[in-house]
Amino acid sequence: MALSVAILAAAPSVVSAEVRVRLMKGSAIGMASTFDRAGDAPRSTFQKAVTDSALTSVFVASEVAPARIETTRALLTELNARRSDGTIVVDLPADVLFDFDKAVIRPDAEPALDKAAEVLKSYPTAKVTVSGHTDAKGDDAYNEALSMRRAKAVADRLAGPGGRSLVAEGFGEKQPIAPNARADGRDDPQGRQKNRRVEIRITPDAGD
């Protein structure tokens with residue numbers, strides 16, 4: 001005969017599971033398992049509590065001196081840093097850093113640059129590249145020159161009194177991260193705004 005045993009979870013939101021147990025006379029030694037799963041019983045599944053991206057830190061703690069780990073973590077979070085192929089990338093909107101068509105850093109951009117400069121202290125021997133980017137408005141050659149002037153202004157600011165060596169590059173409109181125009185050909189102001197940016201790329205070496 002068969003005896004149905006209901007196993008109820010403590011939490012009311014969890015559906016109960018059912019296992020049928022067959023009772024047999026005599027010894028069961030050497031016999032195959034006699035546990036059958038009820039056809040309408042829920043199936044157990046396992047899921048990750050968070051996504052893969054949430055499990056990966058922007059920086060590797062071993063790259064940073066222990067005394068600076070928490071400071072670095074907080075600064076990278078505030079700057080919305082991301083990691084790409086072993087490189088830490090900080091995107092600073094050009095509209096925050098500069099006035100329209102200018103390459104002189106605005107006074108209200110200093111707090112963000114102070115944070116970026118503090119992050120660089122955690123990677124004293126890393127390669128640092130500052131890249132300027134524009135949207136697709138205007139002449140290509142002009143945009144490339146403007147992006148280079150802006151990249152150099154940020155690089156000079158981050159180099160600090162010690163004159164750390166940073167590489168400045170100007171890409172103009174060549175490396176967009178968003179569409180400059182919609183699918184129907186109309187202008188996309190939000191996309192163009194994302195493309196107007198200065199990227200700070202930090203590539204730690206084995207010594208960091």
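1. A residue counts as exposed when its relative accessible area is over 50%, and as buried when that area is under 20%. These two words are used below in that sense for a model that is predicted. On one side of helix H2, Glu-70 and Thr-77 are exposed.

2. The rest of the picture for H2, which covers residues 69-78, comes from its buried residues: Ile-69, Thr-72, Leu-75 and Leu-76. These four lie on the same side of H2, because the arc they cover around the axis is only 135°. The exposed Glu-70 and Thr-77 are on the other side. The general rule behind such a pattern is that an α-helix has 3.6 residues a turn, so residues three or four places apart point the same way. As for partners, the buried residues of H2 pack against strand S5 (87-93) and helix H4 (110-121).

3. Helix H4 has a buried set of its own, made up of Leu-113, Ala-116, Ala-117, Val-119 and Leu-120. Seen down the axis, these residues fall within an arc of 155°, so they line one face of H4. The elements that cover them include H2 and S5, and also helix H3 (94-97), strand S6 (127-133), H5 and strand S8 (197-203).

4. The length of H4 can be checked against its residue count. At 1.5 Å a residue, its 12 residues should span 16 Å, and the end C-alpha atoms are 17 Å apart, which agrees. The expected figure is 1.5 Å times one less than the number of residues.

5. Asn-80 sits in the loop between H2 and strand S4 (82-84). With a relative accessible area of 61%, Asn-80 is exposed. Asp-85 is not a glycine either, yet has a positive phi of about 50°. Its place is in the loop between S4 and S5, and at 79% relative accessibility Asp-85 counts as exposed.

6. The largest pocket has a volume of about 260 Å³. It is lined by 15 residues, and those nearest its centre are Phe-100, Asp-101, Leu-146, Arg-150 and Arg-196. By class, the lining has eight charged, four nonpolar and three polar residues. Helix H5 (residues 140-159) gives the largest share of this lining, four residues.

7. Ser-147 is also placed in helix H5. Is Ser-147 buried or exposed? Its relative accessible area is 1%, so Ser-147 is buried, given the cut-off of under 20%. Leaving aside residues up to four places away in sequence, Ser-147 touches Gly-132, His-133, Thr-134, Glu-169, Gly-170, Phe-171 and Gly-172.

8. For the chain as a whole, the secondary structure comes to six helices and eight strands. From the N terminus on, the elements run β-β-β-α-α-β-β-α-α-β-α-β-α-β. The chain has 208 residues, and buried residues make up 31% of them. Among contacts with a separation of 6 or more, 60% are between residues 24 or more positions apart.

Terms used: Residues numbered from 1 in each chain as written. Predicted model: local features only at pLDDT ≥ 70, side-chain atom pairs only at ≥ 80, totals over all residues. Heavy atoms only, no water. Buried < 20%, exposed > 50% of the residue type's maximum accessible area, 1.4 Å probe, protein only. Helix = DSSP H or I, 4+ residues; strand = E, 2+ residues; numbered from the N terminus. Arc of directions from axis to C-beta. Contact = heavy atoms within 4.5 Å. 1 Å grid on protein atoms, 1.4 Å probe; cavity = no way out; pocket = protein on both sides within 12 Å on 5 of 7 lines; lining within 4 Å. Points joined across faces, edges and corners; volume = space filled by probe spheres on them. Nonpolar A, V, L, I, M, F, W, Y, C, P; charged D, E, K, R; others polar.
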